[in-house]
Amino acid sequence: MTPLKSGTVDLVILAALHEQPRYGLELADHIGTRSGGLFELSEGSLYPALLRLSKAGLIEGEWQPTPGGGSPRKVYRLTDAGGQELARRRAEWERLQVAVNALLLRRGVRA
């Protein structure tokens, strides 16, 4: 079971694509590896998220040939709007972390 929720899936996909363009399964492998195996994205959650982000104009995909032959792969990259959305969501995530840590560590949040 993965602890990722829809909004978090979008956030980690945007963050991974901010580093570099990636094709679908490469993206899932990268997220799984970087999270120490905690976030494992199935194709059933990855591809709907990629479609949702594409429709929103936050990412775009381009078919590219596979090195060494084989079927082409759709490589996704972050758009300018996606970079702005990533910055907004990162700031939101940081505020959430501060609030949760304040509750867990019994400290008040300073505004």
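Me: Why is Arg-90 called partly exposed?
Reply: Arg-90 has a relative accessible area of 37%. Buried means under 20%, exposed means over 50%, and partly exposed lies in between (1.4 Å probe, protein chains only). The value of 37% lies in between, so Arg-90 is partly exposed. This is a predicted model: local features need pLDDT of at least 70, side-chain atom pairs count only at pLDDT 80 or more, and totals for chains, interfaces and linings use all residues. Residues are numbered from 1 along each chain as its sequence is written, and side-chain values use heavy atoms, leaving out hydrogens and water.

Me: Where does Arg-90 lie, and which residues is Arg-90 in contact with?
Reply: Arg-90 belongs to helix H4, residues 80–104. A helix here is a DSSP run of H or I with at least four residues, a strand is a run of E with at least two, and both are numbered from the N terminus. Contact means heavy atoms within 4.5 Å. Setting aside neighbours within four places in sequence, Arg-90 is in contact with Leu-11, Ala-15 and His-18.

Me: What makes Thr-66 count as buried or exposed?
Reply: Its relative accessible area is 14%. That is under the 20% limit, so Thr-66 is buried. Thr-66 is in the loop between strand S2 (59–64) and strand S3 (73–78). Beyond residues up to four places away in sequence, Thr-66 touches Ser-71, Pro-72 and Arg-73.

Me: How do you know that the charged end of Arg-73 sits over the ring of Tyr-23?
Reply: The charged end is 3.9 Å from the ring centre. The rule asks for NZ of Lys or CZ of Arg within 6 Å of the ring centre and within 35 degrees of the ring normal. The distance of 3.9 Å is within 6 Å, and Arg-73 is listed as sitting over the ring.

Me: How do you know that the span of helix H3 agrees with its length?
Reply: Helix H3 has 13 residues, 43–55. The expected span is 1.5 Å times one less than the number of residues. That gives 18 Å, and the end C-alpha atoms are 18 Å apart, so the two agree.

Me: Which residues of H3 are buried?
Reply: Leu-46, Ala-49, Leu-50 and Leu-53 are buried. They cover an arc of only 100 degrees around the axis, so they lie on the same side of H3. The arc uses directions from the helix axis to the C-beta atoms. An α-helix has 3.6 residues a turn, so residues three or four places apart point the same way. The face turned away from the buried side carries exposed Gly-44 and Lys-55. After H3 comes Gly-57, with a positive phi near 80 degrees.

Me: Why are S1 and S2 called edge strands?
Reply: Three strands form an open antiparallel sheet in the order S1-S3-S2. Strand S1 (22–23) and S2 each have a single partner strand, so one side of each has no neighbour in the sheet.

Me: What makes S2 and S3 a pair?
Reply: Two strands pair if DSSP finds at least two bridges between them. S2 and S3 have six bridges, in the antiparallel sense, so they qualify. Glu-62 stands opposite Val-75 in S3.
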